[in-house]
Amino acid sequence: MIIYNKKFISQFILMGTVISLELFEDKPDAVEAVYHYLQKAEKEFSANDNCSELMRINRSAGKQPVTVNSNLFSVIKQAVEFSKEYRTSFNIALGPLVKLWRIGFADQRVPLQSEIKSALQLIDIDSVELDESRHQVYLMNYGMELDLGAIAKGYFADQIIVLLKYFGINNGIINLGGNTVTFGVNQVVSSHLWKVGIQSPWQYRGTMVGEVQCRACSAVTSGIGERNFQYKGRLYHHIIDPQTGYPLENDLAQVTIFSSSSLYGEVLSTVALFSGIDNGLLLINQIPNVSGVFISKTGRIRTTSGINFKAIA
Ligand code: FAD
Ligand code: MG
């Protein structure tokens with residue numbers, strides 16, 4: 001058995017986060033291809049760039065259907081299906097509320113109650129009309145907006161693994177800021193298992209509270225600890241409750257979901273966060289081949305069954 005002792009690490013900043021690739025081979029062409037893929041994907045999927053494909057759909061709300069490329073259509077279609085399945089939590093039609101709060105951006109603020117009330121009228125997922133044969137998306141009411149912030153990075157992560165494999169890279173780890181995917185085997189340790197760190201929701205990035213040993217898998221975290229601000233002694237974070245229009249309030253600070261698909265894991269991390277610690281554990285335990293690590297606001301850590309988790313004291 002060969003144990004490699006070299007890793008090649010590439011990092012770049014896109015989509016408001018640090019993207020990193022850790023590979024065992026020095027293949028600049030592959031890294032360049034990932035960078036170009038993500039740059040193009042950002043231009044298509046971003047709700048923060050007025051010229052993106054997604055914003056073309058949003059700008060045409062209440063006016064006309066918009067034809068989009070097959071990748072964007074496919075993600076929107078899956079996201080609409082998940083939004084219908086998990087109506088009280090995950091909802092990609094939440095754009096008007098996300099734009100009102102602007103959490104994570106320089107102009108973040110607590111909106112007026114009247115603004116929230118108006119925005120809540122514009123988040124009906126049943127008013128998103130899809131035409132599969134034409135790849136058309138139509139938001140039926142003026143002012144509606146799609147936001148793919150809780151699903152797109154999962155899709156990109158899955159696609160990057162396909163791209164790296166196309167370049168003959170079969171082992172490595174990628175991180176899209178909250179979405180980590182390990183693929184193949186870990187060539188620097190004899191067990192060949194990967195270790196995925198679970199970050200503390202409240203401390204600086206890189207402060208770990210535990211680690212999970214796993215074979216190739218996706219690990220997606222949703223939490224309230226990083227994108228937030230304080231106003232008049234209250235914490236406002238970026239995960240918005242479609243039932244109230246305000247940031248979600250329950251006993252959880254963070255959920256990390258382990259699954260084979262990063263897109264599915266990303267949806268479930270948001271849904272599980274909404275479920276609270278007890279119901280969230282029940283929900284994830286019921287889904288085959290999916291597991292999770294839950295951290296409550298008081299710092300209590302609980303995991304689903306069948307997960308190889310070790311706390312770091
Ligand atoms: P998750 O928990 O996975 O998702 C939370 C995000 O989803 C929120 O930030 C919001 O956008 C949305 N959301 C909130 N509540 C819900 C809900 N109930 N249901 C569904 N969705 C919800 N950030 C920047 O700072 N600058 C940028 O220019 C920028 N560009 C981006 C471009 C793209 C294509 C993408 C995918 C993201 C970009 N981001 C950018 C980051 C984005 O604004 C979100 O903050 C990020 O996607 C959150 O990811 P997460 O995994 O941390 O959170
Ligand atoms: Mg996420």
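1. In this predicted model, Gln254 touches Ile198, Gln199, Ser200, Pro201, Thr221, Ser222, Gly223, Leu273, Val293, Phe294 and Ile295, when residues up to four places away in sequence are not counted. Gln254 belongs to strand 13, which covers residues 252-259, and its relative accessibility is 7%, so it counts as buried.

2. The chain is assigned two domains, with domain 1 made up of residues 2-35 + 158-311 and domain 2 of residues 58-139. The C-alpha centres of domain 1 and domain 2 are 24 Å apart, and contact between the domains involves 22 residues of domain 1 and 21 residues of domain 2.

3. Between them, domain 1 and domain 2 bury about 1,900 Å², and 76% of this area is on carbon and sulfur atoms. On the side of domain 1, Phe229, Ile240 and Pro242 supply 29% of the area buried against domain 2, which is more than any other three residues supply.

4. What polar links are there between the domains? The count of salt bridges between domain 1 and domain 2 is 0, while 2 residue pairs are in polar contact, both at pLDDT 80 or more. Strand 11 (228-231), strand 12 (234-237) and helix 7 (262-286) are the elements that give two or more residues to the side of domain 1 that touches domain 2, and helix 7 gives the most, with 7 residues. The residues on this side of domain 1 comprise 13 nonpolar, 7 polar and 2 charged.

5. Across the whole structure, a search finds 15 salt bridges. As background, side chains of opposite charge can pair when their charged atoms come close. One example joins Lys27 and Glu25 at 3.8 Å, N to O; Lys27 is partly exposed at 29% relative accessibility, and Glu25 is partly exposed at 28%.

6. Glu44 and Lys40 form another salt bridge, at 3.5 Å from N to O. Because these two residues are 4 residues apart in helix 1 (residues 28-45), about one helical turn separates them. Glu44 is buried, with a relative accessible area of 13%, whereas Lys40 is exposed at 53%.

7. The salt bridge between Arg87 and Asp126, at 2.9 Å from N to O, links distant parts of the chain, 39 residues apart: Arg87 is in the loop between helix 3 (70-85) and helix 4 (95-101), and Asp126 is in the loop between helix 5 (113-120) and strand 4 (128-131). Arg87 is partly exposed at 42%, as is Asp126 at 40%. Elsewhere, salt bridges with shared partners join Lys77, Glu81 and Glu132 into one network.

Note on methods: Residues are numbered from 1 along each chain as its sequence is written. Chains are lettered from A and ligands numbered from 1 in the order in which they are written. This is a predicted model: local features need pLDDT of at least 70, side-chain atom pairs count only at pLDDT 80 or more; totals for chains, interfaces and linings use all residues. Side-chain values use heavy atoms; hydrogens and water are left out. Domain bounds come from an automatic or database domain assignment. Contact means heavy atoms within 4.5 Å. Buried area is the accessible area (1.4 Å probe) that two parts lose on being put together, summed over both. A salt bridge is a side-chain nitrogen of Lys or Arg within 4 Å of a carboxyl oxygen of Asp or Glu. A polar contact is a pair of N or O atoms within 3.5 Å; within protein, one must be able to donate a hydrogen and the other to accept it, and residues adjacent in sequence count only if both atoms are side-chain atoms. Ala, Val, Leu, Ile, Met, Phe, Trp, Tyr, Cys and Pro count as nonpolar, Asp, Glu, Lys and Arg as charged, and the others, Gly among them, as polar. Buried means under 20% relative accessible area, exposed over 50%, partly exposed in between (1.4 Å probe, protein chains only).
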